[in-house]
Amino acid sequence: MKQFSLLTLLFLMATSSFAQKNVDELLEAYNTRSVPYISVEELRMFQMNDAVTILDAREPAEFVVSHIKSAINVGYNDFTSEEKQLQNLNKNIPVVVYCSVGIRSEKIGEKLKKAGFTKVKNLYGGIFEWKNKGYPVFDSAGKETENVHAFSKHWSQYLTAGNPVY
């Protein structure tokens with residue numbers, strides 16, 4: 001019986017260590033760093049000085065739940081660099097792209113770089129990290145909210161602040 005208990009304990013310890021990756025490991029596994037990261041603190045400084053264009057690479061249903069103030073929703077599934085809303089943007093000022101954690105935003109950032117945008121950054125940890133660090137997010141009515149679209153229950157493990165919405 002002791003041997004069974006010991007094996008069970010070892011099994012539980014092993015599975016729990018693999019059960020939850022942190023954001024660093026997640027981004028390392030899925031991203032190539034083809035678009036340089038920017039921290040949420042750096043973006044907040046840019047945002048306070050109004051010296052940045054912020055693009056939300058999540059889908060419209062995610063954006064209406066909450067987004068970073070002044071962000072432009074460009075989506076992911078149907079994104080093209082020829083979108084009308086991008087045509088009026090200055091390609092030489094900093095552009096920060098974000099999504100939930102930073103995976104989809106890297107793909108959109110790559111497309112922006114190919115389209116001639118020269119100062120593209122990917123928000124490290126996405127809107128989840130933004131909210132986890134205590135920065136405000138806003139709903140479609142422009143009101144501050146605690147809700148953050150979590151994309152799925154699996155992804156919600158990376159959101160430690162606010163209310164996940166599915």
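Is threonine 53 buried or exposed? In this predicted model, threonine 53 has a relative accessibility of 10% and so counts as buried, the cut-off for that label being under 20%. The residue sits in strand E2, which covers residues 53-56. Once neighbours within four places in sequence are set aside, its contacts are Ile72, Leu89, Ile93, Pro94, Val95 and Val96.

Stepping back to the whole chain, there are seven helices and nine strands. Of the 166 residues, 43% are buried. The exposed surface comes to about 9400 Å², with carbon and sulfur atoms supplying 56% of it. Among contacts with a separation of 6 or more, 64% join residues 24 or more positions apart. As for confidence, the pLDDT averages 87 over the chain, and 87% of the residues score at least 70. Residues 4-20 are another story: there the pLDDT is below 50, and the stretch has two contacts in the model beyond near neighbours in sequence.

The largest nonpolar core holds 27 residues, and the members that touch the most others are Leu43, Ile68, Leu123 and Phe128. At least two residues of this core come from each of H2, E1, helix H3 (40-48), E4 and H7. Another core, of 15 residues, lies apart from it and includes Leu86, Cys99, Phe117 and Val120. Back in the 27-residue core, phenylalanine 128 touches Ser100, Val101, Val148, His149, Ala150, Trp155, Tyr158 and Leu159, leaving out residues up to four places away in sequence.

Helix H6 (residues 104-114) has its own buried set, made up of Arg104, Ser105, Glu106, Ile108, Gly109 and Leu112. The cover over these residues includes helix H2 (23-30), E2, helix H4 (60-65), helix H5 (84-87), strand E4 (95-98) and E5. Just past the end of H6, glycine 116 adopts a positive phi of about 105°.

Aromatic rings come next, with four pairs in the whole structure. In one of them, tyrosine 37 and tyrosine 124 have ring centres 4.9 Å apart and planes at 85°, so this pair is edge-to-face. Tyrosine 37 belongs to strand E1 (residues 37-38), whereas tyrosine 124 lies in the loop between strand E5 (120-123) and helix H7 (126-132), so the pair ties together parts that are 87 residues apart in sequence. With 18% relative accessibility, tyrosine 37 counts as buried. The rings of tryptophan 130 and tyrosine 135 are centred 4.8 Å apart with their planes at 40°, so that pair is tilted. Tryptophan 130 counts as buried too, at 0% relative accessibility.

The charged end of arginine 104 sits over the ring of phenylalanine 151, at 4.5 Å from its centre. Elsewhere, lysine 69 lies over the face of phenylalanine 138, 5.4 Å from the ring centre.

Notes: Residues numbered from 1 in each chain as written. Predicted model: local features only at pLDDT ≥ 70, side-chain atom pairs only at ≥ 80, totals over all residues. Heavy atoms only, no water. Helix = DSSP H or I, 4+ residues; strand = E, 2+ residues; numbered from the N terminus. Buried < 20%, exposed > 50% of the residue type's maximum accessible area, 1.4 Å probe, protein only. Contact = heavy atoms within 4.5 Å. Areas by Shrake-Rupley, 256 points an atom, 1.4 Å probe, with all protein chains shown as cover. Phe/Tyr/Trp six-rings, centres within 6.5 Å; stacked < 30°, edge-to-face > 60°. Lys NZ or Arg CZ within 6 Å of the ring centre and 35° of its normal. pLDDT = per-residue confidence, 0-100. Core = buried A, V, L, I, M, F, W, Y, C linked by side-chain atoms within 4.5 Å.
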